[in-house]
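Let's take a walk through this one together. Keep the viewer open and follow along as we go.

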Amino acid sequence: MNLHNIVRKAINSVNPDQSITVRVFSGVDNTGTYAVLTYTEKTAIAQVQPMNSEDIQFINNFNSSSIYKAMYIQGNWSGLNRVTENGGDLILWNDKVWYVVSVPEGWNPTAGWTKVLVVAQT
């Protein structure tokens, strides 16, 4: 049973879904004078929320002067997983670039979303 789909309307009445752009790191282009990081851009729907104290425990070297958020992104974003050494992914949201620092939960097979923790880039 997918409980997330059951409470979806209630969640959106309190915190509406938001459109984001995910820049999935796809490699380094070394053909020119300088190495250039390359990304594949994909759009997605996310719930954006402040991080709670449990989320903060997932982050090494937490900097209290930075802005952190938890994003619940619809779909399978396993490419954002640091364990598989896929990293360097960015999210464009709210006129800022957000760096993915952790992927503590992947619920795509059962609930259809992935939780990522992000920090705003200056």
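We'll start with the overall layout, then move to the cores, the salt bridge and a few loop residues.

First, some ground rules: this is a predicted model, in which local features need pLDDT of at least 70 and side-chain atom pairs count only at pLDDT 80 or more, while totals for chains, interfaces and linings use all residues. Residues are numbered from 1 along each chain as its sequence is written, and side-chain values use heavy atoms, with hydrogens and water left out.

The protein has 2 helices and 6 strands, where helices (H or I, at least four residues) and strands (E, at least two) are DSSP runs numbered from the N terminus. Trace the chain and you'll read α-β-β-α-β-β-β-β. There are 122 residues, and 31% of them count as buried; buried here means under 20% relative accessible area, exposed means over 50%, and partly exposed is what lies in between (1.4 Å probe, protein chains only). The accessible surface comes to about 7700 Å², with 51% of it belonging to carbon and sulfur atoms. Those areas come from the Shrake-Rupley method with a 1.4 Å probe, and for residues only the protein chains shown count as cover. As for contacts (heavy atoms within 4.5 Å), take those with a separation of 6 or more: 50% of them join residues 24 or more positions apart.

Now look inside. In soluble globular proteins, nonpolar side chains tend to be buried together. A nonpolar core is a set of buried Ala, Val, Leu, Ile, Met, Phe, Trp, Tyr and Cys residues joined through side-chain atoms within 4.5 Å. Which residues of the largest nonpolar core touch the most other members? They are I20, M71, I73 and I91, out of 16 residues in that core. Each of β1, β2, β3 (68-74), β4, β5 and β6 (113-120) supplies at least two residues of this core. Click on I91 to see its surroundings: leaving aside neighbours within four places in sequence, its contacts include I20, M71, I73, W98 and V118. Apart from this core lies another, of 9 residues, among them I59, Y68, A111 and V119.

Next, the charged pairs. A salt bridge is a side-chain nitrogen of Lys or Arg within 4 Å of a carboxyl oxygen of Asp or Glu, and a search of the whole structure finds 1. E41 pairs with R23, their closest N and O atoms being 2.8 Å apart. The partners sit 18 residues apart, with E41 in strand β2 (residues 36-50) and R23 in strand β1 (residues 18-29). R23 is partly exposed, at 26% relative accessible area.

On to the loops. N15 lies between α1 (3-14) and β1, and a polar atom of the N15 side chain is 3.2 Å from the backbone oxygen of V48. Beyond its neighbours within four places in sequence, N15 is in contact with Q47, V48 and Q49.

In the loop between β3 and β4 you'll find N76, which is partly exposed at 49%. N76 and T114 are 38 residues apart in sequence, yet 6.2 Å apart C-alpha to C-alpha.

Most residues other than glycine have a negative phi. N94, not a glycine, has a positive phi of about 55°, and D95 has one near 60°. D95 is found in that loop between β4 and β5 too, and counts as exposed at 85% relative accessibility.

Definitions and conventions: Polar contact = N/O pair within 3.5 Å; in protein donor to acceptor, adjacent residues only side chain to side chain.
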